[in-house]
Amino acid sequence: MTLYIDPPTWPGRGRLWSHLVSDVSFEELHAFAAAIGCPPRAFERDHYDVPEAHYADAVRAGAREIGSKELVRRLTAAGLRRPKGRPAPAGRPSGP
């Protein structure tokens with residue numbers, strides 16, 4: 001099981017955010033996110049938004065810290081990338 005998280009550099013709603021992804025499956029991603037207390041509403045297409053205050057929790061639980069560009073490369077290589085405006089690939093669940 002390998003989950004990845006980028007640095008909390010994405011601004012929104014008065015906070016900084018990270019993206020949590022899996023390069024294996026959405027099932028793995030959802031299970032890990034639930035285990036660290038991410039609510040289902042934090043899932044967006046292919047990642048979970050994790051507030052800066054919970055970044056260290058994700059890392060302590062086993063998420064590997066990588067840069068944002070590398071995170072997107074790994075997600076794309078795994079066939080799990082879902083850019084805005086594109087439907088989910090056939091046979092892939094769309095959410096938790």
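Which element gives the most to the lining of the second largest pocket? The answer is α3, with 4 residues. This is a predicted model, in which local features need pLDDT of at least 70, side-chain atom pairs count only at pLDDT 80 or more, and totals for chains, interfaces and linings use all residues. Residues are numbered from 1 along each chain as its sequence is written, and side-chain values use heavy atoms, with hydrogens and water left out. Helices (H or I, at least four residues) and strands (E, at least two) are DSSP runs numbered from the N terminus.

**Pockets**

A pocket is an open set of points on a 1 Å grid over the protein atoms alone, where a 1.4 Å probe fits, with protein on both sides within 12 Å along at least five of seven lines; lining residues have an atom within 4 Å of a point. The volume is the space filled by probe spheres set on the points, which are joined across faces, edges and corners. In the classes below, Ala, Val, Leu, Ile, Met, Phe, Trp, Tyr, Cys and Pro count as nonpolar, Asp, Glu, Lys and Arg as charged, and the others, Gly among them, as polar.

| Pocket | Volume | Lining by class |
|---|---|---|
| Largest | about 310 Å³ | 8 nonpolar, 2 polar, 5 charged residues |

Of the 15 residues lining the largest pocket, Trp17, Pro39, Ala42, Asp49 and Pro51 are the closest to its centre. Strand β5 gives the most to this lining, with 3 residues. The lining of the second largest pocket includes Asp6, Trp10, His19, Arg45, Asp46 and His47.

Not counting residues up to four places away in sequence, His47 touches His19, Leu20, Val21, Leu29 and Ala42 (contact means heavy atoms within 4.5 Å).

Arg45 lies in the loop between β4 and β5. Its phi is positive, near 60°, in a residue other than glycine, and at 25% relative accessibility Arg45 counts as partly exposed.

Helix α1 spans residues 26–35, and its buried residues are Phe26, Glu28, Leu29, His30, Phe32 and Ala33. They pack against β1, β3, β4, β5 and α2. Ser25 caps the N-terminal end of α1, with a side-chain oxygen 3.5 Å from the backbone nitrogen of Glu27. Gly37, which follows the helix, has a positive phi near 90°.

A nonpolar core is a set of buried Ala, Val, Leu, Ile, Met, Phe, Trp, Tyr and Cys residues joined through side-chain atoms within 4.5 Å. The largest one has 21 residues, of which Leu3, Ile5, Leu20, Leu29, Tyr48 and Ala63 touch the most other members. The largest share, 4 residues, comes from α1. Leaving aside neighbours within four places in sequence, Leu20 is in contact with residues including Leu29, Phe32, Ala33 and His47.

Terms used: Buried < 20%, exposed > 50% of the residue type's maximum accessible area, 1.4 Å probe, protein only. Polar contact = N/O pair within 3.5 Å; in protein donor to acceptor, adjacent residues only side chain to side chain.
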